[in-house]
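Hi there,

Here is the structure I promised to pass on. Please have a look at it first, and then read my notes below.

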Amino acid sequence: MKYIFLILFFTFQINVFSQSIFVDEDFSDWESIDILYADSLGDGSWSVDFQDFKAADDSLFLFLMLEVTHEINLQNDNDIILYIDTDNNSATGLAVEGIGAELEYRLGSRYGSVRLPGFNDNIHHQDIGLVSSPTVTSSVFELLIRKDAAFSGSALFPQEQIKFVIKDLASGDMIPDETGGLDYSLASGAGGEIKEFSIEKEDPEYLRILSWNTLYDGLFEASRLPHFENILSATGFDIIGFQEIYDHNGYETAQVISDIIPPATGTEYYYSNIEPDIICVSKYEILQSFAIDGNGAFLIDLGEDYDNRQMLFISAHPPCCDNDVQRQEEIDAIMAFIRNAKEPGGMLELEENSPIVICGDMNLVGLNEQLNTLLTGDIKYEGMFGPDFDPDWDGSPLEDSKPSATSYPSSFTWYDEGSAYSPGRLDLMIYTGSVMTLENTYSLFTPALSNDELTLYNLLSEDSPSASDHQPVIADFSFESPNNIDETSEIPTEFELKNNYPNPFNPSTIIEYDVKENVKVVLKIYDILGREVKTLVNKEQAPGSYQVNFEAAGLSSGVYIYQIRMGDFSAAEKMVLSR
């Protein structure tokens, strides 16, 4: 069955979406969506107790949000079944709780069945384009399903009216509690948005970091190498962190990269490898390398291009699957290494405000506490790895780039048609937001790129899934951060959002604001219809006067709104982009 869906996936080009729901572990976009069903609390059990259920859709995807009262893993160890009556006819499909379900999917067992005219068989995630998020334990989950899925010539969603039933076989809990299902009307032809990304660096001064699990030395496999060549030629890099290069060393890897992207005249690529599978290739000198329980830390001199900063770059590949203890230990060890590097007297003494990046295939498929450790420095096994600490230089958590798959409403970085597990975000790019500004990020999923994009960058639709089951994760950073405090100015006595300048503008404008006390600052841009365009600031900031540059490349002329939130203070202003 996977081949039927594969043809649909690779030939249907995705351009725009209007429904601003993204399956990316950020549930704030659901706040504007009404609750379709609020389940009674306490009618479940220790296994599952349903809470809220929401649904939304656009021209291509059905989006679902399911909330339960305590944390579970949606792709493992549960008996939750999703039923959808896709033709709104109780006389067809599987009879269950007063509906006739054409689609039945057992989320914890990772398979389902479809009952349509001319087709009645088991299916898996790839047959309906199912993506669920997050892959770790949570009490809230997002799912998407492709509305254009078809089987033996029969459309899975033949009409607008559908019905839902969700059951947990272990606890007996059900949505809705009454028979007859939940009614929902699919949108007809709604268009929409994707998250912005730039395959190329938009500014040569940005530092581009790439992380890629090559799937068992795929970079050296003759049949897969052309796909790596296409992708690396299209994206470029400054620093690469590779995982799963077991049988080749750093020198051999750097030679392959040099053949694909020759270094600038008179220069060479620097490289280092940490057993068993971590390799770093860099345009900038690698001063020191450290092994951290099989993961690699590299001190890199960024040179005059970046004011002679030294970066601590960590490429990691903790163990997969049902191995939460060892995975947590390795992540604890990584964070303990960072804590010690920020303190005097260790094997590595970082200069204050040195940028730190952690990337790699983290295999986060179990407990969510491992991601929490990476972001907050909350070390679980303190007896082995020492106390908790604040990992960013300003005492805040580290930032999670959350790269979205290109031209797709999801942040998955791992995709395997042959696996029972649906696509998920296993690869991370985490950084010190106090000293680095994330300018651009994405995971390159070539099947979703338009024909024009593929042609422009000399890519093939099959490049990313043919190279590896992991997509390359790319992030561009700037260091001359516009969010830096003006230390010569007096500390403001009030929160204030100031007028941008110039206004009207093309293509960029400066936004200034004052912070009177330590507070989390969120500065976002919206279009005139209220759709979010970009987040410029999302972090704790100290008292001071700040300015941030808004680059409107790729946006159409018109009125835009910039809104700031600082604690209880909120303000918004208009600005005009005039092409």
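Predicted model: local features only at pLDDT ≥ 70, side-chain atom pairs only at ≥ 80, totals over all residues.

Residues are numbered from 1 along each chain as its sequence is written, and side-chain values use heavy atoms, with hydrogens and water left out.

Let me start with the prolines. The peptide bond between Ser-133 and Pro-134 is cis, with omega near 0°. Pro-134 sits in the loop that runs between strand S10 (131-133) and strand S11 (138-146). Helices (H or I, at least four residues) and strands (E, at least two) are DSSP runs, numbered from the N terminus. Ile-175 and Pro-176 are also joined by a cis peptide bond, and omega there is about -5°. You will find Pro-176 in the loop between strand S15 (174-175) and strand S16 (182-185).

Asp-293 is not a glycine, although its phi is positive, at about 55°. Its place is the loop between strand S21 (285-292) and strand S22 (295-301). At 46% relative accessibility, Asp-293 counts as partly exposed; that term covers values between buried (under 20% relative accessible area) and exposed (over 50%), using a 1.4 Å probe and protein chains only. Asn-308, another residue other than glycine, has a positive phi near 60°, and lies in the loop between S22 and strand S23 (310-316).

Now to the rings. The structure holds 23 aromatic pairs. Rings of Phe, Tyr and Trp (its six-membered ring) pair if their centres lie within 6.5 Å; planes under 30 degrees apart count as stacked, over 60 as edge-to-face and the rest as tilted. One of the pairs is Phe-290 with Phe-337, which is tilted, with 5.3 Å from centre to centre and 55° between the planes. Because Phe-290 lies in strand S21 and Phe-337 in helix H5 (residues 324-341), this pair ties together parts that are 47 residues apart in sequence. Both Phe-290 and Phe-337 are buried.

There is also an aromatic cluster made up of Phe-61, Phe-63, Tyr-408, Phe-412, Tyr-415 and Phe-445.

Finally, the charged end of Lys-195 sits over the ring of Phe-22, 5.0 Å from its centre. Here NZ of Lys or CZ of Arg must be within 6 Å of the ring centre and within 35 degrees of the ring normal. Lys-283 likewise lies over the face of Phe-237, at 5.7 Å from the ring centre.

Best wishes
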